[in-house]
Amino acid sequence: MRGPKGISQMHCGFCGHPGADDRPLLGGLGVMICQLCAHEAVRSFDEGTEAAVTAFEAHTEQELVRMLRGVTRQRPQLERFQRDLVDYMRSRGMSWGSIGDGLGVARQSAWERFRRVEER
Ligand SMILES: [Zn+2]
């Protein structure tokens with residue numbers, strides 16, 4: 001798997017901004033983070049939880065609306081990651097039982113939900 005399909009359409013899961021050449025995204029397990037948020041995260045780790053809470057509470061209402069849009073965008077982004085990962089697992093010959101185990105559902109349910117991945 002060279003990377004999720006449609007990565008150019010991904011958004012940062014922390015601020016909601018789309019990825020761009022001057023604001024690249026880094027991702028893992030369905031979560032994307034932009035360069036600015038990654039720097040902010042490192043600073044939060046260094047300064048501690050209290051500083052992060054203070055910074056969060058300083059957000060304007062407009063920023064909170066943008067954050068809510070970002071959270072709302074996560075569902076289709078996560079579903080796309082999930083489909084891509086199932087596709088990759090099947091390309092490696094992994095069983096529907098293993099995929100179902102990862103999804104927390106029965107083999108049959110995994111097959112019914114994702115079988116179209118193989119029909120592409
Ligand atoms: Zn961000």
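**Entry 1: contacts and overall make-up**

I began with contacts, counting two residues as in contact if their C-beta atoms, placed from the backbone, lie within 7 Å. Of the contacts in the chain with a separation of 6 or more, 40% are between residues 24 or more positions apart. I note that this is a predicted model, in which local features need pLDDT of at least 70, side-chain atom pairs count only at pLDDT 80 or more, and totals for chains, interfaces and linings use all residues. Residues are numbered from 1 along each chain as its sequence is written.

I looked up the confidence next, given as pLDDT, the predictor's own score for each residue from 0 to 100. The chain has a mean pLDDT of 83, with 89% of its residues at 70 or more. Among the elements, helix α4 (residues 96-103) has the highest mean pLDDT (96) and helix α6 (residues 116-119) the lowest (60).

I took helices (H or I, at least four residues) and strands (E, at least two) as DSSP runs, numbered from the N terminus. I found six helices and two strands, in the order β-β-α-α-α-α-α-α along the sequence.

**Entry 2: burial and cores**

I called a residue buried if 20 or more other C-beta atoms lie within 10 Å of its own, exposed if 12 or fewer, and partly exposed in between, with C-beta atoms placed from the backbone. By that count 13% of the 120 residues are buried.

I then looked for nonpolar cores, meaning sets of buried Ala, Val, Leu, Ile, Met, Phe, Trp, Tyr and Cys residues joined through C-beta atoms within 7 Å. The largest one has six residues, namely Cys12, Leu25, Met32, Ile33, Cys34 and Cys37. Strand β2 (residues 31-34) contributes the most to this core, with three residues. A second, separate core has five residues, among them Val86, Trp96, Ala110 and Phe114.

I checked Leu25 for contacts beyond four places in sequence and found Met10, Cys12, Gly19, Met32, Ile33 and Cys34.

I looked up the UniProt record; its unreviewed entry lists Cys12, Cys15, Cys34 and Cys37 under "binding site". UniProt positions are given in the numbering used here, feature names are shortened, and annotations may be inferred rather than shown by experiment. The four are spread over 26 residues of sequence but cluster in space, the largest C-alpha distance being 8.1 Å.

Cys12 sits in the segment before β1 (25-28). I count Cys12 as buried because 23 other C-beta atoms lie within 10 Å. Its contacts, leaving aside neighbours within four places, are His17, Leu25, Met32, Ile33, Cys34, Cys37 and Gly70.

Cys15 is also in the segment before β1. With 16 other C-beta atoms within 10 Å, Cys15 is partly exposed. Not counting residues up to four places away, Cys15 touches Cys34, Cys37, Met67 and Gly70.

I looked at Gly13 too, in the segment before β1. Gly13 counts as buried because it has 20 C-beta neighbours inside 10 Å. Beyond four places in sequence, Gly13 is in contact with Val31, Met32, Ile33, Gly70 and Gln74. Gly13 and Arg73 are 60 residues apart in sequence, yet their C-alpha atoms are 8.2 Å apart.

**Entry 3: helix α3**

Helix α3 (residues 61-91) has 31 residues. I took its expected span as 1.5 Å times one less than its number of residues. From first C-alpha to last, α3 reaches 45 Å, close to the 45 Å expected.

I found a kink of about 30 degrees at Gln74, shortly before the proline Pro76. The bend there is the angle between axes fitted to the seven residues ending at that residue and the seven starting there.

Gln77, Phe81 and Val86 of α3 are buried. After α3 comes Gly93, with a positive phi near 80 degrees.
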